Amino acid sequence: MKAILTFTRSRFARALVAGALGLIVAAILVAILNSAHTTWVTPGLEALGVQLPGQLLDLAFWAVAILILLAIVVTAFLSGFGMFHSRRMGRFWYYAAGTALVWGVLGQALTVAIVLFISYLTMGSDFRLTDGNVALAAIFSVIGFLLFSGVLTDWIQWIFGHKTELHHGAPEGEPEWMRYFSVDVNHKVIGIQYAVTSVLVLLVGGTLAIVFRLELSAPGMQLITENTYNTFFSAHGIIMIASILLGVGAMVNYLVPVMIGASDMAFPRLNAFSFWVSIPAALLIVSAMFVDTGFDTGWVGYPPLSTVGSLGIILFLLGFYFNGFASIASAINVLVTVGVMRAKGMALFRMPIFVWTAISASIIQFTATQTVGVALTMVVAQRALGLGFFDPTPVAAGVPVGQPLLYQQLFWFYSHPVVYVFVLPGLGVISELLPVFSRKPLFGYKWVALSSLGIALVGFLVWAHHMFVSGMDDSLRIPFMISTMFVGIPTGVKFFSWLGTLWGGKIIYPTPMLFVLGAISVFLIGGLTGPILATVPTDMHLHDSYWVVGHFHATMFGGFIFPFFAALYYWFPKITGRMYNERLGKLHFWLMVPGFWVMSLGQMRIGLMGMRRRIANYDPALGVEGTQILITIAALVIAWSVLIMLYNLVSSARSAELAPENPWESRSPEWVAPTPLPEFNFDRPIEVVGDPYDYGLADSKYIQTIPAAGD
Amino acid sequence: MQDNKRAAYALIRNVFLVLFVVSLAELAVAIYLESTVLLLLLASAKAVLVVYYFMHIYRLWRQEAH
Amino acid sequence: MSAVTTHHDDHAHDDTHAHELPYGQQLRANRLGLWLFLFSEVFLFVGLFAARFYLWRDASGVVRPELDQVAGLIATSVLLISSYFMVRAEVAVQHGEQKKMHNSLIMTFVMGSLFLLSVIFIEWGVLDLILDNMFGVTLFAHEAIKPGDGAFGAVFYGMTGMHALHVISGLVLILIILANGHKGAFTEERHWGVEACAVYWHYVDVVWIFFYPALYLIGTAVTYHT
């Protein structure tokens with residue numbers, strides 16, 4: 001055990017990793033060159049009438065390609081030893097080979113190779129990708145990633161009876177910024193890792209959306225094939241969900257421990273595990289697009305299609321499944337942290353309101369996620385092991401058979417509540433920021449706190465409203481219609497609290513506040529269109545139409561995207577110590593809000609006109625073409641505005657002026673603590689002596705530092 | 001201390017015996033009464049015994065002395 | 001851009017603000033975390049349990065496959081006995097009886113392994129398969145169910161398989177506890193490892209407490225030979 005650990009930290013191991021990374025990069029480069037060579041160079045020379053003897057050109061190409069490959073691998077390998085350190089390229093290979101990310105990805109690739117090789121040994125010349133070996137490779141690849149990235153190292157040492165201490169700060173012998181690429185246990189580092197990954201994944205999902213949005217702007221097929229379209233919209237759904245879960249993880253991880261006055265999460269190693277397990281999961285989902293014919297089931301993965309379709313579906317299912325690990329572990333961590341790590345005097349009803357929403361979201365995450373896990377496992381088990389959970393083929397007299405509807409029951413028992421996991425932290429950000437920018441107490445604190453729990457609990461009783469037209473028992477329709485309507489009550493509480501907080505306040509409008517107000521307007525659109533879908537007769541007409549797409553995007557943007565962007569702007573000075581550019585922030589807002597209104601209302605309009613969701617082509621006679629173009633333009637505007645935000649945040653983090661300690665004059669613990677936050681959040685322990693949102697009340701205090709005994 | 005110890009061992013042994021008897025009772029119920037409700041009730045009773053006496057769920061809301 | 005300052009101060013020595021949590025607080029956190037994890041797993045098993053009642057139905061109501069009752073009773077009893085030895089190990093470590101703890105853990109491991117073997121060889125019919133192939137003998141009254149036997153096979157293997165996975169992980173945990181206990185890692189006051197392993201093992205037993213009637217006892221028996 002010790003010997004392995006010493007080896008992994010040696011220069012030689014680093015050089016090997018650098019070399020392997022170099023090999024992968026070089027292989028990709030050669031593949032690109034090869035396709036350029038066969039598609040352009042050879043035909044091009046022929047067209048010019050240049051005659052070359054025999055295979056001379058091919059030989060020359062491969063000679064050059066192998067030279068490039070060797071040069072890259074050797075450079076990378078030597079850079080791993082610390083050579084070429086004065087050059088940018090050398091430093092790149094050197095540091096890359098030290099990151100948990102690269103180690104993990106190599107571990108994942110290696111495990112896939114090993115599993116497929118063993119499968120090749122057993123299958124011999126009949127070797128091909130099957131349900132079984134793809135599933136096994138995917139499952140082991142996640143373990144490979146975790147082992148190689150070092151997430152499990154401490155725990156493995158515990159198994160052998162060695163005690164390990166939590167390591168704080170940069171890895172030994174590495175610069176400070178390497179923390180963000182390493183397995184770090186500090187909740188703030190993990191929060192930032194989550195946030196950056198979330199935004200990157202958001203860009204991937206957004207790019208897919210832009211492609212199929214362009215395809216939809218006219219009837220007929222222009223840009224992509226039907227199959228690519230199916231893969232893209234399916235991947236867009238699940239990739240965005242992964243991104244949102246990462247974004248929720250970012251806000252919850254960064255904020256909850258500071259807000260309750262704790263030094264870190266209750267289980268810092270588990271916290272690192274939650275983040276790192278979502279990376280191989282995300283890689284599985286992305287790779288699902290390229291294996292076999294991609295995956296065309298939509299993000300829901302309903303059988304029977306998912307049990308017989310492309311092999312990529314298995315990768316998607318397992319990627320989804322391992323994302324659940326991250327959700328469950330992180331939710332348990334949050335609940336325990338709030339349970340046992342609150343500062344002195346931090347009673348439940350004195351916590352910042354965001355913490356309440358984090359708890360409510362966690363309650364859903366750590367329970368409901370298991371049921372979707374069951375559903376996904378069942379599909380994989382049916383494909384790989386032949387357990388016919390969803391297979392209605394008759395077997396023998398008296399023997400019951402599988403039912404595809406079972407999947408939908410289990411799936412929606414998770415997947416309806418999970419939208420509240422997405423929106424609750426977002427709604428928490430709205431409630432958190434409104435008092436700061438209205439300089440008034442949060443209206444009805446206790447009601448708002450309990451409304452989050454209410455949404456979480458009612459959310460468990462509404463899943464079958466997704467199945468009104470699925471062929472389930474008719475008698476279930478009315479009860480689920482009524483229970484769904486109940487969601488409106490706690491949500492209404494939140495809306496009235498927001499109005500009450502704004503009423504008579506001294507409102508100021510910096511970018512975060514604008515995004516909060518935008519979020520409320522968009523969430524209102526999403527909220528009001530919900531009951532129409534919850535009502536059985538109208539749902540019969542609107543089910544699987546673009547109305548659903550409009551409604552869903554309005555709730556996701558209003559409940560998550562807008563508040564998340566508000567949070568990014570609002571806590572940016574805390575995270576980086578610098579102020580973002582206010583002008584660019586406002587530009588982002590004024591592009592994105594109208595863009596979104598047009599997009600969402602346009603989607604609802606074409607839905608009413610009969611546009612089905614999830615289809616690549618449509619009949620020009622529907623008369624939706626004009627609106628489709630409008631929606632596409634709006635989507636492009638939104639995409640550009642997000643890029644503006646990224647430019648703003650990145651450039652401001654590098655060179656903007658330093659921000660004041662507490663630019664928003666907030667009373668919350670994270671703003672009272674120094675900037676940047678110390679490793680353990682507070683130099684001295686804090687104590688809660690008042691209520692969190694008494695803005696404008698003279699002499700009121702929320703927290704104070706407990707003086708040390710010696711002072 | 002010695003008494004405490006003996007009592008602790010006696011307790012778990014008795015709980016185990018009860019669990020065993022209830023398991024046999026389950027089989028009898030299944031054969032003679034065929035009552036789903038009763039079977040689920042018996043299972044729940046067994047679960048409660050295990051959760052309380054074997055898993056010590058009460059430790060969750062008890063402050064540890066040491 | 002650095003969100004976290006490098007840490008040079010001396011507040012590491014401040015007792016109320018130490019970075020590793022004090023043992024009592026960490027123990028509370030561990031317990032709460034473990035129980036929340038188990039509660040989370042309830043939803044996994046309830047999902048399977050619900051699938052059983054969803055699929056094992058016909059026009060007359062709830063049905064079950066005709067399984068070998070002796071095999072079921074043996075498996076149930078063996079797991080219950082293992083649970084007894086596990087709690088005995090915990091009581092032993094609480095009273096400083098290392099030897100007794102060690103022996104009880106070994107008994108738990110043996111009983112747990114027996115359960116696992118009974119699942120694989122008897123319930124899944126591997127033993128009958130071997131005996132039948134090698135000697136042409138059938139030991140049990142009912143031929144074991146096969147994965148392809150419609151909803152019977154799917155749910156039976158799904159439930160016993162998912163439970164067996166937990167049994168295997170529990171056995172691994174027991175081995176780890178045994179090895180570390182041998183090195184004297186657990187004392188009368190501090191034995192969170194044993195406690196956690198015990199709670200997990202009992203939980204696996206609780207799951208079986210519900211799975212046993214669901215698989216073997218509830219509903220009208222149907223012969224499933226295909």
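Me: How many residues does the contact take from chain C and from chain B?
Reply: This is a predicted model, in which local features need pLDDT of at least 70, side-chain atom pairs count only at pLDDT 80 or more, and totals for chains, interfaces and linings use all residues. Residues are numbered from 1 along each chain as its sequence is written, while chains are lettered from A and ligands numbered from 1 in the order in which they are written. Two residues are in contact if their C-beta atoms, placed from the backbone, lie within 7 Å. On that basis, the contact takes 27 residues from chain C and, from chain B, 24 residues.

Me: Which elements give two or more residues to the side of chain C that touches chain B?
Reply: Helices (DSSP runs of H or I, at least four residues) and strands (runs of E, at least two) are numbered from the N terminus. The elements of chain C that give two or more residues to this side are α1, α2 (69-94) and α6 (192-217).

Me: How many residues come from chain C and from chain A where these two meet?
Reply: In the contact between these chains, α1 (23-55), β1 (57-58) and α5 (150-182) of chain C each supply at least two residues to the side that touches chain A. The largest share of that side, 16 residues, comes from α1(C). The contact takes 54 residues from chain A and, from chain C, 52 residues.

Me: Which residue just after α3(A) takes a positive phi?
Reply: Helix α3 of chain A covers residues 56-80 and has 25 residues. Just after α3(A), a positive phi of about 100° is taken by G82(A).

Notes
The expected span of a helix is 1.5 Å times one less than its number of residues.
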